[in-house]
Amino acid sequence: MFKFVLTLLICLALAGVCGASEFFDKFKSDYATLDLELLNNLGERAEVTNFVYQKDIATFTFKEGFIHLLRYVDGRPTTAVFVGKGNAHIEIPSHLERQSLLSVSKDSVVDRDFEVCLIRMADDFDLKLKEQFPVEQKELKWKDYTAMMQEQGEMYFKPLLGHQYDNYFQLLRSIYERAADGYFWIDFGRYNFWFDPNAPEEVTVSYVFEPSDQMTTDAVCLQRKEEARYDDFVLSNIGFPTTTISKKAEIEMGGMDGRKIENARADIKLVINEDSARFVSTFLHYNLYEDSIHYNGRSVDYYRRKDFNFTGIILPEYVYRGDTVTLTYWYRGKDYSVFLPWVEDPTPSMHSLTFTIPKGFNYLMPGQGETTRNNGKETFTAEPQVPFDKFFIQGYASGFDTTTALSDNGITLNFLKAKHITKQFSCYVNDALYEGTILDAFNFMSSKMGNPPNTFEVYIYPENYYSMPGMVEVPQVVCYSEGGLEFLGGFNIFAGYSVSKQWFGFGLRPVSDRETWVRDAASEYLSLLFIQNSLKGSTYYTNLLNRRDTLLTYSGLNRDRPMATGSRCPSAIRCNRGTWLFHMLRSVMYDLGTRSEERFFKFFFELCLTGNMGPFSNHDVVKLAEKHYGQPLDWFFDYWLCDFGYPEFEVEYKTEQRDDGYFITANVWTKNVGESFRMPVMIRVVDKSGQSTFSRKDITGTTCTFELGPFDSEPDEFVFNELYSVLSKDKVKKL
């Protein structure tokens with residue numbers, strides 16, 4: 001431990017001189033140039049007529065006007081201002097991303113005229129311009145400057161809290177390798193178009209959702225045109241610049257709550273996936289402050305703005321595809337969620353973490369070993385046997401009492417009792433209900449899903465943080481009877497949702513951000529299955545309808561997005577629409593003849609195994625569902641995963657008597673869908689004796705008609721969308 005602290009102090013002492021290379025001095029100077037005030041800034045100006053510039057999927061036509069070239073780095077301009085008449089035309093080649101753009105901007109293509117636009121560039125835009133039009137030395141005039149500032153393009157490009165990357169850093173790294181396919185950003189009207197060759201998905205179209213917004217909404221994300229990855233289910237095949245191989249850290253904890261990082265050293269080992277690289281994008285929670293970063297044991301230059309997760313690292317040399325590099329971070333801070341550095345690629349890696357903690361504090365995490373004591377401090381190592389992308393710790397200052405219970409499948413559940421939680425709280429959940437409900441949830445889920453992947457012992461933590469494999473957080477002080485939660489399941493909600501993370505939690509291995517919905521929704525649906533099993537009656541459907549109402553509210557606020565856009569889709573939609581997706585898939589797979597749900601539960605079980613044992617994509621989820629359904633399901637996932645909105649069914653039906661019995665004829669009009677829409681809807685017909693007949697009919701397109709019968713006696717009741725087999729709004733009328 002002394003060696004660790006001594007090394008840290010040496011690094012802190014050197015931090016002022018580390019990163020003092022000539023290149024880094026130039027980098028900081030050039031970085032400042034990118035923020036240079038434009039008014040009265042001397043540059044070049046060209047008068048243009050029908051200047052057409054093609055950038056990947058976008059075509060920009062500057063019909064007539066003036067283009068000013070400004071902010072020069074290495075003798076080339078990095079900014080352009082156009083004033084005149086122009087047009088931007090962008091056709092999105094992916095159905096999913098077209099729908100995403102439609103959900104944001106109310107149009108699935110971009111075809112907009114503009115009079116002013118701002119450009120940031122590190123490509124050949126200036127060379128193409130000068131090939132066709134002469135330029136002269138000119139300052140940007142006040143009139144043009146004012147017009148540009150009113151469009152606010154400068155604001156949307158500036159590195160602000162909310163951007164994933166530091167845009168100046170990304171632009172500058174491309175400037176130093178200036179090429180025809182270099183960085184290009186343009187603001188026109190309420191749109192931005194980005195091309196960043198150093199981002200995993202190089203093409204982005206963003207939109208100012210509300211005129212007063214300080215940030216744009218990323219409506220489209222794609223890889224460059226030459227990759228030709230436009231199918232909705234291959235968009236996840238992303239070539240990330242770097243992939244994490246392992247993470248190893250030494251962390252000294254402190255603070256009143258035991259969650260402050262006093263000092264930390266984290267080694268993150270990466271493999272390079274690009275042909276060559278000198279700049280590496282990494283991320284660290286913005287509340288953690290870096291003191292220095294080393295590269296393969298040597299001090300390295302890096303740039304990070306305050307309150308940014310993004311850290312841009314400048315290596316002292318080029319590295320190449322297949323090379324491995326080790327980056328060592330020295331940092332400290334508090335009020336973080338993720339406490340280790342990460343990169344864009346979510347591929348999980350193995351962790352080895354050594355913690356030094358104040359005596360009397362308690363910490364809980366997967367793979368935790370024995371604690372040793374030395375000079376009033378305690379040290380332990382956590383080495384989980386499974387890889388993680390994001391890793392969390394639980395910790396607080398008071399001691400534990402432990403009670404244990406054995407699940408039906410022989411797994412030990414350790415209930416950790418915090419001594420400071422007492423029955424004096426009005427919302428305290430008594431031990432019998434607390435432990436009994438959690439054990440019931442664990443037993444039910446084990447009966448459906450088998451043993452939790454890679455879990456042999458489970459710790460139940462009574463306070464509020466994150467649930468991970470082997471570690472379950474269920475608050476014991478919770479007012480579930482207030483605010484209307486009792487009718488949704490009461491304490492079963494908290495127990496079920498937290499326990500379900502043993503199967504669908506941070507052990508899942510999505511290949512990209514586009515699979516985020518699986519982690520969000522599968523655990524939610526597994527917890528609903530527990531509620532359906534433990535609380536008979538309508539509680540399960542009450543939960544579904546409550547989620548439907550939430551989704552319709554988001555839709556009414558124009559906040560709906562396709563789930564397969566990943567974190568660009570609000571988490572409330574991913575959780576609620578994703579939960580409904582599993583419910584509807586269960587309905588589609590339900591065998592009406594045998595009344596069997598075997599196909600769905602086999603699918604759900606294998607989804608758990610697939611997701612925990614190796615990388616999975618949306619394509620894998622679809623193919624797995626089709627395997628158990630026995631037929632293609634593209635029509636299902638195209639709408640519910642890669643589209644947005646909800647069908648509204650208007651149904652009119654009548655009963656007729658013919659020679660061979662009674663028949664029901666129904667006409668269905670479906671709103672908010674296209675002609676390719678298809679969805680099987682479950683229907684129940686009840687006769688006068690109370691006997692029910694179930695059937696399933698495909699509702700296709702915007703209008704369709706179907707017939708049911710013959711029935712021996714006149715039907716007494718017709719129930720369209722029985723058991724809420726479709727997430728929809730229904731109006732049913734008898735003629």
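The model is predicted, so local features need pLDDT of at least 70 and side-chain atom pairs count only at pLDDT 80 or more, while totals for chains, interfaces and linings use all residues. Residues are numbered from 1 along each chain as its sequence is written, and side-chain values use heavy atoms, with hydrogens and water left out.

Start inside. Buried means under 20% relative accessible area, exposed means over 50%, and partly exposed lies in between (1.4 Å probe, protein chains only). A nonpolar core is a set of buried Ala, Val, Leu, Ile, Met, Phe, Trp, Tyr and Cys residues joined through side-chain atoms within 4.5 Å. The largest such core has 133 residues. Phe62, Phe188, Phe193, Phe582, Phe604, Phe636 and Phe637 have the most contacts inside it. Helix H10 (residues 516–534) supplies the largest share of this core, ten residues. Helices (H or I, at least four residues) and strands (E, at least two) are DSSP runs, numbered from the N terminus.

Look at Phe188 up close. A contact means heavy atoms within 4.5 Å. Leaving out residues up to four places away in sequence, Phe188 touches several residues, including Phe60, Ala88, Ile90, Phe114 and Phe193.

Now take helix H4 (residues 125–132). Which residues of H4 are buried? They are Phe125, Asp126 and Leu129. Why do they sit on the same side of H4? They do so because they cover an arc of only 95 degrees around the axis; the arc is that of the directions from the helix axis to the C-beta atoms. The buried residues of H4 pack against strands E1 (42–55), E2 (58–73), E3, E4 and E6 (184–188).

A salt bridge is a side-chain nitrogen of Lys or Arg within 4 Å of a carboxyl oxygen of Asp or Glu. The count comes to 43 salt bridges. In one of them, Asp126 meets Arg76, with 2.7 Å from N to O. Arg76 lies in strand E3 (residues 76–91), so this pair links distant parts of the chain, 50 residues apart. Asp126 is buried, at 0% relative accessible area. Arg76 counts as partly exposed, at 21%.

Arg120 and Glu154 form another salt bridge, with their closest N and O atoms 3.0 Å apart. Arg120 is in strand E4 (residues 109–121) and Glu154 is in helix H6 (residues 153–157), so the pair ties together parts 34 residues apart in sequence. Both ends are buried: Arg120 has a relative accessible area of 0%, and Glu154 has 7%. Salt bridges can also share partners, as in the network that joins Glu97, Glu201, Arg514 and Arg568.

Helix H2 (residues 22–33) holds a local case. Asp25 and Lys28 meet in a salt bridge there (4.0 Å, N to O). They are three residues apart, so about one helical turn separates them. Asp25 counts as partly exposed, at 41% relative accessibility. Lys28 counts as partly exposed too, at 37%.

Next come the rings. Rings of Phe, Tyr and Trp (its six-membered ring) pair if their centres lie within 6.5 Å; planes under 30 degrees apart count as stacked, over 60 as edge-to-face and the rest as tilted. The structure holds 72 aromatic pairs. Phe24 and Phe27 are stacked, at 6.0 Å centre to centre and 10 degrees between the planes. Both lie in helix H2, about one turn apart. Phe415 and Tyr434 are edge-to-face, at 6.4 Å and 65 degrees. Phe415 lies in strand E24 and Tyr434 in helix H8, so this pair ties together parts 19 residues apart in sequence. These two residues are also buried.

Finish with the cysteines. A disulfide is a pair of cysteine sulfur atoms within 2.5 Å. How many disulfides are there? The count comes to one. It joins Cys427 to Cys479, with 1.6 Å from S to S. The link is right-handed, with 85 degrees about the S-S bond. These cysteines are 52 residues apart, each in a loop. Cys427 counts as buried, at 15% relative accessibility, whereas Cys479 is partly exposed, at 31%.
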